[in-house]
Each structure stands twice: as C-alpha cells, then as structure tokens.
Amino acid sequence: MSKFTVLNHPLIQHKLTIMRSAATGTRNFRQAANEIAKLMVYEITRDLPLKDVQIETPMGKTTQKVLSGKKLAVIPILRAGLGMVDGVLELIPAAKVGHIGMYRDEKTLKPHEYFVKMPSDIDQRELIIVDPMLATGGSANMAIEALKKRGAKHMRLVVLVAAPEGVKKVQAEHPDVDIYAAALDECLTDNGYIFPGLGDAGDRLFGTK
C-alpha cells in the first residue's frame, strides 16, 4: 500500500486555516495555496538523490552536491490544481508542467476527463500531481491512470485537504503512488464535499461561482 503522510508543519497549518476561513478573499486564498504548495514540496523532496560535482569557488576548487536522478514535472489537475503550480515552480523552476482537465458530474459525483497535455518525456520524470482537494478520489485516480497510460512510472500526489474516503480509494487503486496532504479532514458530506474542508477550491481561487 502507498504511503499517506500529513505534513503538519506549523506554517502549513497556519496558512491552511487562512484558506479554510469563509472570510478569506480570492487574493489571500490564492496566495496561501501557493505558499502551502511551496512548503509541502520542500518537505517531500527531501529524498531527492544528489551527486558530487567539482566546482571552483572564489577561494579555490571544491567538491559539492547537486541534484541527480530523474528530472521533475508538476501536473495540476485542472482547474483548481493551477493554484498550486507557481509555488512548486518557485522551488523547482526547471520543472516541466503538464495539465490534466477533469470535471465532476454534480449528480453522479463521477469525474470526466476533457483535456490532457503532457511533456513528451514523462516516462523519464518524477511527477508531482497537485490538486487542493482529495475528496472521493475519483479525479485523482483518473488522473493517475491517464498518466500511467502515457508511460509515467514515478508519481506523488500532493493535496491540501483530504477525506479518508478519497485516501483509501487512491491507495486501493494505485498502491504505488504516495499521497501527501496538509490535513486529513473528518469525512465527506452527502454531496461529496470534504468537511470541514475549505469550500470549492476552484471557485475560491478564481473568484467564480
């Protein structure tokens, strides 16, 4: 089974509370989403491999460390996942960006794919899939499956708030994909929203209703 980790750093929890508040406007909601994404990616990339290189400082030659291994790509699940991309790219500016478009049928709660555009070499990259919400798990599972069909082998799912139901569903269908969240919330409501959650992340990010 895949690993599920809650990143409960004090700064992450503080900023998540700002996002949860109904009084928070679009600008501050968007800023907090990017800041949390940056903090989360900082934490989850601690295991990136390093290699030795020879460089010359103003004082002379030395052996130091640089990143090695697979290159990275960030994959937002549209549209709410876009609210986390800039935060990731601030830390990893060389990462490529792919996009997966999903929408959820409000009656059946099932996801539907409408757009996929990926870097040509995703089979050679470590992918960071981002989406603010992991609710039923349907969209995440469909996104992961779409990436696997295109050759992706190394993926991590990064979300802000997760429901237990969604975590279990992703772990059951994709035990090779680790999940990272800023918080594990209580449950799903009858209409498939996370409680206490933070509302509709897409609407709050982009000021739509």
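Biologist: Which residues of helix α1 are buried?

Modeller: Keep in mind that this is a predicted model. Helix α1 covers residues 10-20. Within helix α1, the buried ones are I12, K15, L16 and M19.

Biologist: And why do the buried residues of α1 line one face of the helix?

Modeller: An α-helix has 3.6 residues a turn, so residues three or four places apart point the same way. Look down the axis of α1 and its buried residues line one face, because they fall within an arc of 105 degrees.

Biologist: Which exposed residues sit on the face of α1 turned away from its buried side?

Modeller: To count as exposed, a residue needs over 50% relative accessible area. On that face, the exposed residues are P10, H14 and T17.

Biologist: Now the largest nonpolar core: which element gives the most to it?

Modeller: That core has 37 residues, and L16, M19, I36, M40, V130 and L198 touch the most other members. Elements that each supply at least two residues include α1, β4, β8 and α6. The top contributor, with 8 residues, is α2.

Biologist: Leaving aside neighbours within four places in sequence, what is M40 in contact with?

Modeller: M40 is one of the core residues that touch the most other members. Sequence neighbours within four places aside, its contacts are L7, I12, V158, V159, L160, Y180, A181 and A182.

Biologist: On to the largest pocket. Which lining residues lie nearest its centre?

Modeller: This pocket has a volume of about 590 Å³. Elements that each supply at least two lining residues are β4 (71-78), β6 (99-104), β7 (111-117), β8 (125-134), α4 (138-149) and α6. Of the 28 lining residues, those nearest the centre are A80, R104, D131, S139 and D200.

Biologist: How many of the residues lining the largest pocket are charged?

Modeller: By class, the lining has 15 nonpolar and 7 polar residues. The charged ones number 6.

Biologist: What about the second largest pocket: which residues are closest to its centre?

Modeller: Its volume is about 310 Å³. Its lining has 15 residues, and the closest to the centre are L48, L67, K70, L72 and I92.

Biologist: Which elements give two or more residues to the lining of the second largest pocket?

Modeller: The lining divides into 10 nonpolar, 3 polar and 2 charged residues. The elements that give two or more of them are α2 and β4.

Note on methods: Residues are numbered from 1 along each chain as its sequence is written. This is a predicted model: local features need pLDDT of at least 70, side-chain atom pairs count only at pLDDT 80 or more; totals for chains, interfaces and linings use all residues. Side-chain values use heavy atoms; hydrogens and water are left out. Buried means under 20% relative accessible area, exposed over 50%, partly exposed in between (1.4 Å probe, protein chains only). Helices (H or I, at least four residues) and strands (E, at least two) are DSSP runs, numbered from the N terminus. The arc is that of the directions from the helix axis to the C-beta atoms. On a 1 Å grid over the protein atoms alone, a cavity is a set of points where a 1.4 Å probe fits but cannot get out, and a pocket is an open set with protein on both sides within 12 Å along at least five of seven lines; lining residues have an atom within 4 Å of a point. Grid points are joined across faces, edges and corners, and a volume is the space filled by probe spheres set on the points. Ala, Val, Leu, Ile, Met, Phe, Trp, Tyr, Cys and Pro count as nonpolar, Asp, Glu, Lys and Arg as charged, and the others, Gly among them, as polar. A nonpolar core is a set of buried Ala, Val, Leu, Ile, Met, Phe, Trp, Tyr and Cys residues joined through side-chain atoms within 4.5 Å. Contact means heavy atoms within 4.5 Å.
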